[in-house]
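Hi everyone, thanks for coming.

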Amino acid sequence: MMRVGVDENLAPELLVDLPPEAQVVRIPRRPSEVMDVDFWILVFARRDAKDTFEQLRGVKVVQSMMAGVDWISPWLPKDIVLCDGRGIHDVSASEWVLTATLAALKRFPRYRDLQLRHEWKGQASVTDGFLNEGGAQVGQYQVLGEDLAGKTILIVGYGSIGAAIEARMNPFGVTIIRIARSARPEDDVVAIEELHRHLPNADVVVLIVPLTQATLGLIGAAEIGLMKRGALLVNAARGPVVVTEALVEALQEHRIRAALDVTDPEPLPPGHPLWSAPNCLITPHVGGSTPEFIHRAFRFGAEQVRRFIAGKKLENVVTDVGY
């Protein structure tokens, strides 16, 4: 029997796809004794994961259900196989990006604030200067939102989630620019070295890179300074990919807009200037948290266990944290 370690509170229905050769070992959040585990499945980024690992013996594979493994790789011994959750979050993360983009362009946060104050203010309610207030519509109507159609979307970190974002954006008639760590000409993907050249052309900049030494502070004052005035920065990656101080300054000066599912620091403490920064939509790292995600994750995890038992090559083995 192969011992598969899972969280003590995991619902039994998520384990039905495990092969009969797998013996489920339920691991307490704070194990008080050493436990034997061959294959450890981690669902979410847990701060106590390192402490828990020190109580496990015999671990050969750690399967993360998160796309990013920056919270595991620093402390996991190199002789243990680490697999990430690439592909599991494609649906939920890409839907969040699309929703956040549309919500920001249509000014839903602004109108939600007005609703809570019981104020009907269509005319003259948007005063950030980003909208086309001097166009041909003058004398007919006031522009109070924007269309996604016709926009140029720069996807920084074009992997499986990036491709899923593109698939959901394409029906809106947008132009997509794809950036990854290395160029992939066959997929029309350019290298990260091209970032500065493409930033001025983008109406929406979507960040979906893993957190590595190479992506830490990837978007700072220089990069924000290259963005169009009023461009939307969408961060669905990790908070530290963006230099928070530079972002806050740009928002306060009404140079760009932002939609953030991640922040630095995280959780964002009360009173932090990002909370009150103009034109900034924040959700508390919820982009991948849907009921459907957990079922996708454990179907994938069960398949990985079957592969391991059969001696087959595992999927999503982390050999180099790139994007």
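Let's begin with F308, which counts as partly exposed because its relative accessibility is 26%. For that term, buried means under 20% relative accessible area, exposed means over 50%, and partly exposed is in between, with a 1.4 Å probe and protein chains only.

Before going on, some housekeeping. This is a predicted model, so local features need pLDDT of at least 70 and side-chain atom pairs count only at pLDDT 80 or more, while totals for chains, interfaces and linings use all residues. Residues are numbered from 1 along each chain as its sequence is written, and side-chain values use heavy atoms, with hydrogens and water left out.

Back to F308. Which residue does F308 pair with? F308 and F39 form an edge-to-face aromatic pair, with 6.0 Å centre to centre and 65° between the planes. Here is the rule: rings of Phe, Tyr and Trp (for Trp, its six-membered ring) pair if their centres lie within 6.5 Å, and planes under 30 degrees apart count as stacked, over 60 as edge-to-face and the rest as tilted. F39 sits in strand β4 (residues 39–42) and F308 in helix α9 (residues 291–310), so this pair ties together parts that are 269 residues apart in sequence. When I say helix or strand, I mean DSSP runs, numbered from the N terminus: H or I of at least four residues for helices, E of at least two for strands. Is F39 buried or exposed? F39 counts as buried, because its relative accessibility is 0%.

Now look at W40, also in strand β4. W40 and F53 form a stacked aromatic pair, 6.3 Å centre to centre with 20° between the planes. F53 lies in helix α1 (residues 49–53), 13 residues apart from W40. W40 counts as buried because its relative accessibility is 2%, and F53 is buried too, with a relative accessible area of 13%. A search of the whole structure finds three aromatic pairs.

P74 counts as exposed, because its relative accessibility is 67%. The C-alpha atoms of P74 and V16 are separated by 32 Å, and these residues are 58 apart along the chain.

Next, two helices. The axes of α2 (residues 90–105) and α4 (residues 160–169) come within 8 Å and cross at roughly 50°. That makes α2 oblique to α4. Axes here are lines fitted to C-alpha atoms, for helices over the stretch in contact, and angles run from 0 to 180 degrees between N-to-C directions. Angles under 35 degrees count as roughly parallel, over 145 as roughly antiparallel, 65 to 115 as roughly perpendicular, and the rest as oblique.

Who makes the contact (heavy atoms within 4.5 Å)? From α2, the residues include V91, V97 and L98, and from α4 they include I161, A164 and I165. By class, the contact has eight nonpolar, three polar and three charged residues. Ala, Val, Leu, Ile, Met, Phe, Trp, Tyr, Cys and Pro count as nonpolar, Asp, Glu, Lys and Arg as charged, and the others, Gly among them, as polar.

Staying with α4, its buried residues are I161, G162, A164, I165, E166 and M169. What covers them includes α2, β8 (152–156), β9 (175–180) and β11 (204–207).

Now for some backbone details. Which bonds are cis? A cis peptide bond joins D264 and P265, with omega about 10°, and the bond from E266 to P267 is cis with omega near 0°. P265 is in the loop between β13 (257–260) and α8 (273–276), and P267 lies in the loop between β13 and α8 as well.

Finally, two histidines. H118 has phi near 60°, a positive value in a residue other than glycine. H118 lies in the loop between α3 (108–116) and β8, and is exposed, with a relative accessible area of 74%. H285 has a positive phi of about 55°, sits in the loop between β14 (280–282) and α9, and counts as partly exposed because its relative accessibility is 29%.

Definitions and conventions: Contact means heavy atoms within 4.5 Å.
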